[in-house]
Amino acid sequence: MNFKQIQLPLSKAEARELKAGDACLLSGVVYVLRDKGHARLLEEASKATSLPYGLSGQTIFYSAPTPAKAGRLIGAIGPTVASRMDFATPTLLAKGLTATIGMGPRSEEVHKACKEYSSVYFVATGEAAALMAQCVVSEEVVAYDDLGPEALRRIEVKDLPVFVGIDVQGNDIYALEA
């Protein structure tokens with residue numbers, strides 16, 4: 001399998017070159033956030049013209065990392081079911097988010113938003129959380145520290161393995177012919 005090397009942040013032009021089903025290795029900055037954090041982020045974003053915390057043009061990974069073990073930067077960091085964040089995704093894409101990472105299919109509203117805002121949804125394998133943790137080269141809490149594992153984190157990754165789940169045309173990896 002040939003993997004496309006992707007340097008984050010992902011530009012809209014680069015996003016337009018990706019196709020559903022493409023295997024990718026992501027390197028660069030990724031923000032980590034889950035359900036409770038998305039609710040807070042939506043509230044903050046509703047009061048601003050752009051996304052706070054430098055999230056415009058960035059990628060959010062739907063995850064809540066486990067505590068780090070001795071000698072590690074971060075514990076296991078696997079994707080959560082992405083549809084749980086569908087309530088927030090169209091608004092965040094409209095405000096400038098470029099990509100999301102999770103697992104599982106997305107709603108029709110997310111498909112439409114990916115098309116409208118030239119954004120992509122990457123799919124990660126849930127059973128590879130320990131392996132994905134080895135791709136993390138730095139980690140810091142940016143906001144919502146009181147949410148513990150669901151705090152907004154800025155991580156830097158090297159060669160994080162993902163697939164393009166939804167491309168900017170709205171094509172879906174889950175609808176591709178085998």
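**Aromatic pair, cores and local geometry of the predicted model**

The structure holds one aromatic pair. Rings of Phe, Tyr and Trp (its six-membered ring) are paired if their centres lie within 6.5 Å, with planes under 30 degrees apart counted as stacked, over 60 as edge-to-face and the rest as tilted. The ring centres of Tyr53 and Tyr144 are 5.8 Å apart and the planes stand at 80°, so this pair is edge-to-face. The pair links distant parts of the chain, 91 residues apart: Tyr53 is in the loop between helix H2 (35–45) and E3, and Tyr144 in the loop between strand E6 (136–143) and strand E7 (152–166). Helices (H or I, at least four residues) and strands (E, at least two) are DSSP runs, numbered from the N terminus. Tyr53 counts as partly exposed at 30% relative accessibility, whereas Tyr144 is buried at 8%; buried means under 20% relative accessible area, exposed over 50%, and partly exposed in between (1.4 Å probe, protein chains only).

This is a predicted model, in which local features need pLDDT of at least 70 and side-chain atom pairs count only at pLDDT 80 or more, while totals for chains, interfaces and linings use all residues. Residues are numbered from 1 along each chain as its sequence is written, and side-chain values use heavy atoms, with hydrogens and water left out.

Another ring takes part in a charge contact. The charged end of Arg106 sits over the ring of Tyr121, 4.7 Å from the ring centre; the criterion is NZ of Lys or CZ of Arg within 6 Å of the ring centre and within 35 degrees of the ring normal.

The structure holds zero disulfides, a disulfide being a pair of cysteine sulfur atoms within 2.5 Å. For Cys24, the closest cysteine sulfur is that of Cys135, at 14 Å, which is too far for a bond. For Cys114, the closest is that of Cys24, also too far for a bond at 14 Å. Cys24 is buried, with 0% relative accessibility, and Cys114 is buried at 1%.

The largest nonpolar core has 28 residues, of which Leu10, Leu26, Ile77, Ile101, Phe122 and Leu160 touch the most other members. Such a core is a set of buried Ala, Val, Leu, Ile, Met, Phe, Trp, Tyr and Cys residues joined through side-chain atoms within 4.5 Å. Two or more residues each are given to this core by strand E2 (23–32), strand E4 (99–102), strand E5 (120–123), helix H5 (129–133) and E7. E7 supplies the largest share, five residues. Apart from this core lies another, of 26 residues, among them Tyr62, Ala82, Ala88 and Ile166.

Contacts (heavy atoms within 4.5 Å) were listed without residues up to four places away in sequence. On that basis, Ile77 touches Val32, Phe61, Ser63, Pro65, Ala129, Met132, Ala133, Val136 and Ile155. Ser63 lies in the loop between E3 and H3 and is buried, with a relative accessible area of 1%. The contacts of Ser63 include Ile77, Gly78, Thr80 and Pro149. Thr80 is found in the loop between E3 and H3, is buried at 9%, and is in contact with Arg34, Tyr62, Ser63, Met85, Gly102 and Met103. In strand E3 (residues 59–61), Thr59 is buried at 0% relative accessibility; contacts of Thr59 include Leu8, Val30 and Ile101.

Helix H4 (residues 108–116) has Val110, His111, Ala113 and Cys114 as its buried residues. These cover an arc of only 165° around the axis, which puts them on the same side of H4; the arc is that of the directions from the helix axis to the C-beta atoms. Glu109, Lys112 and Glu116 are exposed on the other side of H4. The buried residues of H4 pack against helix H3 (89–94), E5 and E7.

Backbone geometry was examined last. Most residues other than glycine have a negative phi, and most peptide bonds are trans. Ser118, in the loop between H4 and E5, has a positive phi of about 50° although it is not a glycine, and is buried at 16% relative accessible area. Asp159 lies in strand E7 and has a positive phi of about 60°; at 26% relative accessibility, Asp159 counts as partly exposed. The peptide bond from Leu8 to Pro9 is cis, with omega near 5°, and Pro9 is placed in the loop between strand E1 (4–7) and helix H1 (12–17).
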